[in-house]
Amino acid sequence: MYKLYGQVASRAFRVMWALEEMGLDYDLVDAGPQSPGVRAVSSLGKIPALEVDGTVLTDSVAIMTFLADRHGRLTFPAGSLERGRQDGYTERVNDECDALLWTAARYGRILPEERRVPEIVAPLKWEFGHNLNRLAGEMQGPFLMGETFTIADILLGHCLGWAIAADFPIESDSLKAYGKALRARPAYRAARARG
């Protein structure tokens, strides 16, 4: 059984969602970033952290990739062209969506007040919307990889939810519908209920 350290209102939710999609058993340790419980298992103090057979893995995308590869679910086989495309989408969403949301959160409210730069949030919102519109124009199916749901969809789905909560623009009707469909998935709802 896996032991996941984190909280629903964090990137740990992505891992919870992936675990639920794969039907895997896990214990959730409700722990925030830099909490004593997390610091005890990871010197970084960041969440999520996943304990697997005495080893602790960190970073939500790395954890989802590990789980997908280990269980052969939510991914294409390593070395395949499809996996190359999937990894490209995963990295793109991480770079063009997640990074902008996280930068806005840090400079808008998380950093000590004297280090905040709230003026940066408006340009980040514009860039986020621009990136989403390009991505929406490229989608050729219900998911990023067409008919196949992968960890890249979990990542984008989480970012879309984060964007709604942070008042970031989602102009594309197709992406709004995509996000709504992802939030209706039983595994998404199970992860929300568990947390």
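Q: What makes the order of the four strands in the open sheet, and what is the pairing?
A: This is a predicted model. In it the strands line up as E2-E1-E3-E4, in an open sheet with mixed pairing.

Q: Why are E2 and E4 called edge strands?
A: Strand E2 (26–30) and strand E4 (55–58) each pair on one side only, and that's what puts them at the edges. From one strand to the next, the twist averages 25°.

Q: How do you know that E3 and E4 pair?
A: Pairing needs at least two bridges between the strands. Strand E3 (residues 49–52) and E4 have four, and they run antiparallel. Val52, for its part, stands opposite Thr55 in E4.

Q: Why is the pair of Trp17 and Phe149 called tilted?
A: The centres are 6.3 Å apart, and rings pair if their centres lie within 6.5 Å. The planes make 45°; stacked would need under 30 degrees and edge-to-face over 60, so this pair counts as tilted.

Q: What makes this a link between distant parts of the chain?
A: Trp17 is in helix H1 (residues 12–22), while Phe149 is in the loop between helix H5 (121–138) and helix H6 (151–165), 132 residues apart. Both Trp17 and Phe149 are buried.

Q: Why is the pair of Phe128 and Phe168 called edge-to-face?
A: The angle between the planes is 90°, and over 60 degrees counts as edge-to-face. The centres, at 5.3 Å, are within the 6.5 Å that a pair needs. Phe128 lies in H5 and Phe168 in the loop between H6 and helix H7 (173–183), so the pair ties together parts 40 residues apart in sequence.

Q: How do you know whether Phe128 and Phe168 are buried or exposed?
A: Buried means under 20% relative accessible area. Phe128 has 0% and Phe168 has 7%, so both count as buried.

Q: What makes Arg185 a charge over the ring of Phe149?
A: Its charged end sits 3.8 Å from the ring centre, and the distance cut-off is 6 Å. Likewise, Arg192 lies over the face of Phe13, at 4.2 Å from the ring centre.

Q: Which residues have the most contacts inside the largest nonpolar core?
A: Leu144, Leu156 and Tyr178, in a core of 55 residues. H6 supplies the largest share of this core, nine residues. A second, separate core of five residues includes Tyr5, Ala31, Val38 and Ile47.

Note on methods: Residues numbered from 1 in each chain as written. Predicted model: local features only at pLDDT ≥ 70, side-chain atom pairs only at ≥ 80, totals over all residues. Heavy atoms only, no water. Phe/Tyr/Trp six-rings, centres within 6.5 Å; stacked < 30°, edge-to-face > 60°. Helix = DSSP H or I, 4+ residues; strand = E, 2+ residues; numbered from the N terminus. Buried < 20%, exposed > 50% of the residue type's maximum accessible area, 1.4 Å probe, protein only. Lys NZ or Arg CZ within 6 Å of the ring centre and 35° of its normal. Core = buried A, V, L, I, M, F, W, Y, C linked by side-chain atoms within 4.5 Å. Axes fitted to C-alpha atoms, helices over the stretch in contact; angles between N-to-C directions.
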